[in-house]
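Here's a quick briefing for anyone opening this structure for the first time. Have a look around, then read on.

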Amino acid sequence: MQNEILTKQPLLDSEGNVANPGWCRHNLYDYNIENCSVNIMRLKEWDFYQICNGEMMVQINLFNISLATCATFGFVDLRTGRKFDTMSVELFTPHKNRMNKNGDCENYCSYKHGGVKIELDVKKEYHHLLFEGKCKGKRIFAEFFCGRLPHHESITIAIPFDRKGHFFYTNKINCLDTYGSVLYGDEKFIFSKHNTFAVLDWGRGIWPHKNMWYWANGSTFIDDKVFGFELTWGFGNTSNATETALFYDGVCHKIGEVYLENDPEVNNSWMQDWHFISKDGRLDLTMTPFYDNYSNLMPFNLFGMKTHQVHGLWNGKVILDDGCEIEIKDMYAFCEKVHNKW
């Protein structure tokens, strides 16, 4: 059952559980974290932007996981595998640096620590992203403008875990047509509006220590309209809402549960075709990978996260709410599988 939220309402009830699990096209939940019933040190908040033109990718992230506040920047050349990144860390911040309560409306957030500066300025028409730092003695300066359509819908879900007081609350805003640049020392990398898109992964939650998720996302132009998809599964109790949707010309088209035909982890088949199917028959897509952005930040398999973020070209078909079928041809997008212990 997919429970669409149509009116503004509190996220948590008086016992700290999700009051009304569901999904919405705009974020209608009131993030009343003061009702939290779990140790505040378990609370995680983040604003994560991924910007890509199919050849170069930038990740800008500001997060407070109570144990620490971090501002991070990463650049990856998907053609060659070249990377550079930087971050700042401020330890033990459960009662400071708390983040905005709704990423789907106008807000401003800035953070400066350890030689790193980040600004996230969300307007009705665009998101302005600014990052400054250093890597290997070279200055990094990145600035992006991510445009929103006048009727830009997204997808928000609020779902529980099968443990009291634990929840996953997230808003994915993709199809943000983007332009900007990255300066790294004497080098300049230009991102053009005609082929660059950004996705905002805005999230708040309290999770079990050990968990796993899949996340797939992409945006492109089809017939001069912006098209995109958001697929996430394996995380939380999805009996009332799945984080699966299509977007076309700014409108959210909700689809059902999505699954992979084969788990690439079983046979270490990360660079073989991934076949995605929705149970309602409205999505049938195959990703042919060309780059695995692998990272293992889980020393001794005890704490942290391990990620295979696989980038590829997608082909197949999707069906909108009105029955219109859209053919997908060589669309760039990614899918990741992440294991967490934190």
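This is a predicted model: local features need pLDDT of at least 70, side-chain atom pairs count only at pLDDT 80 or more; totals for chains, interfaces and linings use all residues.

Residues are numbered from 1 along each chain as its sequence is written, and side-chain values use heavy atoms, with hydrogens and water left out.

- Strand 12 pairs with strand 2 (residues 22–24) in the antiparallel sense over 3 bridges; pairing takes at least two DSSP bridges between the strands.
- Cys24 sits opposite Thr156 of strand 12.
- Strand 13 (residues 167–184) also runs antiparallel to strand 12, with 6 bridges joining them, and Phe167 in strand 13 is the bridge partner of Pro160.
- Strands 12 and 13 make a hairpin with 6 residues between them, and Gly165 in that turn has a positive phi of about 80°.

**Cavity**

- There is 1 cavity of 30 Å³ or more; on a 1 Å grid over the protein atoms alone, a cavity is a set of points where a 1.4 Å probe fits but cannot get out, and lining residues have an atom within 4 Å of a point.
- The largest cavity has a volume of about 30 Å³, where volume is the space filled by probe spheres set on the points, with grid points joined across faces, edges and corners.
- Its lining includes Ile157, Ile159, Trp233 and Glu243, and strand 12 and strand 17 (225–233) are the elements that give two or more residues to that lining.

- The largest pocket has a volume of about 1300 Å³; a pocket is an open set of points with protein on both sides within 12 Å along at least five of seven lines.
- Of its 42 lining residues, Asn61, Phe63, Thr72, Leu297 and Met305 are the closest to its centre.
- Strand 6 (residues 68–77) gives the most to the lining of the largest pocket, with 7 residues.
- The second largest pocket comes in at about 260 Å³, and among its 18 lining residues Cys52, Asn195, Phe197, Ser219 and Tyr332 lie nearest its centre.

**Ser219**

- Ser219 belongs to strand 16 (residues 210–222) and counts as buried because its relative accessibility is 12%.
- Its side chain makes a polar contact of 3.3 Å with the side chain of Asn174 (N or O atoms within 3.5 Å, one able to donate a hydrogen and the other to accept it; residues adjacent in sequence count only if both atoms are side-chain atoms).
- The Ser219 side chain also reaches the backbone nitrogen of Cys175 at 2.9 Å.

**Cys146**

- Cys146 lies in strand 11 (residues 138–147), and at 0% relative accessibility Cys146 counts as buried.
- Leaving aside neighbours within four places in sequence, Cys146 is in contact (heavy atoms within 4.5 Å) with residues including Tyr126, His127, Leu176 and Ala198.
- The C-alpha atoms of Cys146 and Lys124 are separated by 11 Å, and the two residues are 22 residues apart along the chain.

Note on methods. Helices (H or I, at least four residues) and strands (E, at least two) are DSSP runs, numbered from the N terminus. Buried means under 20% relative accessible area, exposed over 50%, partly exposed in between (1.4 Å probe, protein chains only).
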